[in-house]
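Have the viewer open beside you as you read.

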Amino acid sequence: MAEYGTSKSTGGGGGGGGGPPVAGWKPVSGGARASPETHRGEPVSNGSCSAGSARKNQDGSSCESPTWDHTGTEECKAIPRRSSLIKDGSRVGRERKKTVSFSSSLSEKKISSAADCIHSMVEGSELKKVRPNSRVYQRYYLLDAGLQTLCWEPSKKESDKARISLASIREIRTGRNTETFRTSGVYDQISEDSAFSIIYGEVYESLDLVANSAEVANIWVTGLRYLMQYGKHALDMLASSQDSLRLSWLEQLFSSTADLERQEDCEKGICLSSAVKLIQSVNPGVSGSKLEHRFKELQRLREKKSALTIDNSLDRVKDDSSNKKPTGQNERVTKEEFIEVFHDFCTRPEIYFLLVQFSSNKEFLDSKDLMRFMEAEQGMAQVSEEISMKIIQSHEPSLEGRQQGYLSLDGFTSYLTSAECHLFDRDHDKVCQDMSQPLSHYYINSSHNTYLIEDQFRGLSDISGYIRALKMGCRCVEVDIWDGPDEEPVVCTGHTLSPPLVLRCVLEAIGKCAFVASEYPLILSIENHCSLQQQRVMLQHLVRIFGEKLYTGLPDDGALYLPSPHALRHRILLKGKKLEPNIEGENGEVSEEDEGAEMCQKVKMVKSEGSASGASEKDTMQKNVSLNPHCNSHSPLPKKIQLLKELSDLVSLCRSVCFIDFATSSKSQKHWELCSFHESLAVRLAGESPGDFVNHNKHFLSRVYPNPMRIDSSNMNPQDLWKCGCQIVSMNFQTAGLMMDLNTAWFRQNGNCGYVLRPAIMRQEVSYFSADTRDTVPGVSPQLLHVKVISGQNLPKPRGSGAKGDVVDPYVYVEIHGIPADCAERRTRTVTQVGDNPVFDESFEFQINLPELAMVRFVVLDDDFIGDEFIGQYTIPLECLQPGYRHVPLQSLTGDDLPHARLFVHVALTNRRGGGKPHKRGLSVRKARKGRDYTALRDLGIRVVDDVFKMAAPLMREATDLRGNMQKSVALFRELCGVSAVANLMQCVLALSSRVSGPNGTPLLLFDLKDDFPILEPQGPLPDVLRRVVCNYELMVQASKAVMEHSDGIHNRILHIQTTAMEFHENLQSLATKEGLKGCKISRALESFSWNITILKGQADLLKHAKTEVQENMKQVHDAAVTGNLTKEGSGVKNVRS
């Protein structure tokens, strides 16, 4: 829709000439005929956006929409140009996978009813016809005036052959889900959202079409389905019931407002300000100035009309035009104007098309329709009619709808924008992970130099830094303590210009806020630089302020791991230096921790370089950091300081020790000892020894602090360290941006309690995982994440952006953050000149190899010639995604919510079911290949161990075949049902129910639900396409039964072999030596052992999940058969076609 307030026409007038079949309908540009000269000889456009495209093209231009334009709404009697034959092979850049985004902004008049769709089809649209030989023909398609026949022109066929009778149509199928589409050479260039197929005739032929946009495709799908259902009487039916729920509600709303204004005659209208407030109460994000502008446009049209009909009105019109029209109470809005503006600003066509998809071709959802939507699309389990009615009563605005149990378009919009349909799974708003694991098995939300609220060298210090961090769920804060005046220790970064804070005040603030956001243990990372005298003051403050909260219990020497967060609830742990246990006397010597010393040294060096070159200190510093992003010069040996024994005794479970190498740590480090890593060292270790780093962090806590050269308090990427298993990655909470977005979002997934359980593969005693893997993870099957970015709402103008009016030109990036193999990003096209409510309708697919460590980030940018500007973002862990149609609330750069700004998306994670706690099935989702891949175990070179592993080879092959056969049969059944790869079996059966009607309306197929595996029984002779469905369903049931019958036995035998092999683990090195292995060969043998154990456990888990998958599949078939009225006990398929 054109943005009000821009130079575009608002099209506020009534319907044009030509007598549209329904009074008051206005034509839309997407359905207008193109002129004969338009697009002559043009090839199929795929857009200029590719999967791997950069954020900007080299010439600086943004990713543009395709060059196909439509001419407006004018009538054109000339026949459109002859069809251009477009052959596969004429594309440029064929090697680049592209997403087709044939965008043509449809409308000033928004589509909100089936009547709108049917009239658009009568006017006609240019669509592309895809043939089995991969050729694409451009044709002009339209409905005849009697709504009986679909015609296309021009064509070499005779006129009676270039048409399809609507009575012969069996099914309208959305997406690229026919044999013609799947085998076409242009499959990858066609947008899933713009494609649809018409299945017709006795032999189920298909007419496969591609529209210029998803909205045009939705118009045809919706209109054709209505005509299939109601025949030639569709418009008469729609004319009598169109928008009845909305109209009655709006009329009542208008009348109530008029009564409040004490208007005896509603026809005189209500004041402008009241009308604006009424609309904003329904759509709070809409601009009041845009509403006023639109109302005034309609008022000017009303006055002009009055001037033509009332003789004495000319003088009044002249007087009004010579003076500014007063605003406020004197301006009146009529009921017709109010309803028209409400329709323009509160109608979302993408939600209307979704509503009619589930409403059985009605203009509203009843309770059963809503149940089907929540179960099949939103992935919710055990939805009752009572729950559906509760939602209707909560969200339906009209009294009539609530009384009859109907959810109108406005009620459905209210439901989809409510917290219930938020992308974030609300089960994760509370602690939902096992908190009884050892402390080293969790990521811990950590702050760096918490007292600083600006940069590291001159920035201000403030107690608010601690308060803010603790309220955000931070569980590890830093306290750098130095000698202060008046024998009172202070908190500050040594060697810098940052002002100090009094230690006592800092500890009191921590004591008050320590457990406000979380009950789990708080770690105080203390860097002690005090004299013995002030250490005694520090000791007094710690004991007095924290009291019993301070954990001082002795660590268990016999234990292998630290206590759990659950066991340490409401306790404060001190992390710092500790004296050796055999020290006698009141104090002893330890090495000093001074993370700020290197920064001071670098700053001095930069100052001297800047003075010599004449450059500013800031420029020199930035140059130094860019040239040496991971500078790690040899620091001088740490100084020795005296440590008070009583203060040392307060450090219990988090003793600071110096890291030497992984071999030394493995031999001598205690489980209660903790190493702090400079960012550069940690990144280097992650690159050189990723497997060793992961194994080190299975037993010990690791803390990573930022590079001292980050004077500006910038942040490192926490994912770079999390993938190695590092638990405590210290972040500068005062600096907003991508890195802090990742950190904040990551710790939301467990009730924001500050602790997140690490992936299982990082916790298992024996497992193989490399942090820098760029391939699949052993023992973990990849999953496919499907994301469709549908639209955006109330997108604000970027803060501080250049003066280019109120219109933004937004586009969306979908980013995946995780292990290197998972990191990816895709972008939508730029939507231009449509204001703050763009429609994108673009779908993306990502392979996720380690779902437990993946995050999804949506970033909305304004495409500007000078430089793209940030509009908003939202980051969420993959584990927290809810599937289905969801709204994404956008946040600002500082992490604050942008009022009413959001994205509307559809999300599906193959083989996972959402709504509440998702089932993490972990089944492979890659397309089946001719030859099946079997995961191989590795030889260790140790005969006795290799013999044990060899026993698992046939079992693993059998397990892979069981899972593979089941998955392949399900995929084939899904294809024959004509649904996308994202669909579950409930959606398959519901799609099937729409095409099994026989000549007399009786169903050709019914399910017998007496058995655990529903039986699909023919009810008479079947056409070939349905015979294939029945045959493949039987194969799917057989493969599923095989999984249920054999999976437990194979699963137990694989685990028995794994247990037997683990008996060699402790003596593995000595066994290798006896076999004559030395040096690198021993290391490879140990690595191969971990690989094999990981593979065995992974195969056993996948088989267990496959059994759960089968049970879920059969339940979905059962529920869908009941919902779709396809049971032998039911009454068959309802057919009301005239």
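**Entry 1: burial, and a first pair**

I started with the word "buried", which I use for a relative accessible area under 20%, while exposed is over 50% and partly exposed lies in between. I also kept in mind that this is a predicted model.

With that cut-off in hand I went to Glu 350 and Arg 348, and both of them are buried. The two form a salt bridge, and I read 3.0 Å between the closest N and O atoms. As a reminder to myself, side chains of opposite charge can pair when their charged atoms come close.

How many salt bridges does a search of the whole structure find? I got 33, and I picked a few to look at.

Arg 372 and Asp 369 came next, with their side chains meeting in a salt bridge at 3.5 Å, N to O. Both belong to helix H11, which covers residues 367–377, and because they are three residues apart there, about one helical turn separates them. I noted Arg 372 as buried, and Asp 369 as buried too.

Then I turned to Glu 592 and Lys 639, a salt bridge whose closest N and O atoms are 3.7 Å apart. This pair links distant parts of the chain, 47 residues apart. I found Glu 592 in the loop between strand S19 (587–591) and helix H18 (595–613). Lys 639 sits in the loop between helix H19 (617–627) and strand S20 (640–644).

Lys 639 has a relative accessible area of 57%, so I put it down as exposed.

**Entry 2: two helix pairs**

I next looked at helix packing. Two packed helices are described by the angle between their axes and the distance between the axes.

For helix H27 (residues 953–976) and helix H29 (residues 1024–1062), I noted a packing angle of about 155° and axes 8 Å apart. Why do I call H27 and H29 roughly antiparallel? The reason is that an angle over 145 degrees counts as roughly antiparallel, so H27 and H29 get that label. H27 passes H29 in a left-handed crossing. Sorting the residues of this contact between H27 and H29 by class, I have 18 nonpolar, six polar and three charged.

For helix H28 (residues 985–993) and helix H31 (residues 1080–1123), the angle is about 30°, and the axes are 8 Å apart. Angles under 35 degrees count as roughly parallel, so H28 is roughly parallel to H31. I wrote down a right-handed crossing for H28 passing H31.

**Entry 3: positive phi**

Which backbone angle made me stop at Tyr 204? Tyr 204 has a positive phi of about 55°, although it is not a glycine. I located Tyr 204 in the loop between strand S7 (195–200) and strand S8 (205–210). Its relative accessibility is 11%, so Tyr 204 counts as buried.

Ser 713 is also not a glycine, and I read a positive phi of about 65° for it. The loop holding Ser 713 runs between strand S23 (702–705) and helix H24 (718–722). At 1% relative accessibility, Ser 713 goes down as buried.

I found Ser 564 in the loop between helix H17 (532–546) and strand S18 (572–576). With 10% relative accessibility, Ser 564 counts as buried. What does its side chain reach? I traced the side chain of Ser 564 to the backbone nitrogen of Ala 567, at 3.1 Å.

Lys 129 lies in strand S2 (residues 125–130), and its relative accessible area of 9% makes it buried. I then checked Lys 129 against Asp 208: they are 79 residues apart in sequence, and 5.8 Å apart in space, C-alpha to C-alpha.

My last stop was Lys 788 in strand S26 (residues 783–793). I have Lys 788 as buried, with a relative accessible area of 18%. Asp 841 is 53 residues away from Lys 788 along the chain, and their C-alpha atoms are separated by 6.7 Å.

Terms used. Residues are numbered from 1 along each chain as its sequence is written. This is a predicted model: local features need pLDDT of at least 70, side-chain atom pairs count only at pLDDT 80 or more; totals for chains, interfaces and linings use all residues. Side-chain values use heavy atoms; hydrogens and water are left out. Axes are lines fitted to C-alpha atoms, for helices over the stretch in contact, and angles run from 0 to 180 degrees between N-to-C directions. Helices (H or I, at least four residues) and strands (E, at least two) are DSSP runs, numbered from the N terminus. Angles under 35 degrees count as roughly parallel, over 145 as roughly antiparallel, 65 to 115 as roughly perpendicular and the rest as oblique. A crossing is left-handed if the near helix is turned anticlockwise from the far one by less than a right angle, and right-handed if clockwise. Ala, Val, Leu, Ile, Met, Phe, Trp, Tyr, Cys and Pro count as nonpolar, Asp, Glu, Lys and Arg as charged, and the others, Gly among them, as polar. A salt bridge is a side-chain nitrogen of Lys or Arg within 4 Å of a carboxyl oxygen of Asp or Glu. Buried means under 20% relative accessible area, exposed over 50%, partly exposed in between (1.4 Å probe, protein chains only). A polar contact is a pair of N or O atoms within 3.5 Å; within protein, one must be able to donate a hydrogen and the other to accept it, and residues adjacent in sequence count only if both atoms are side-chain atoms.
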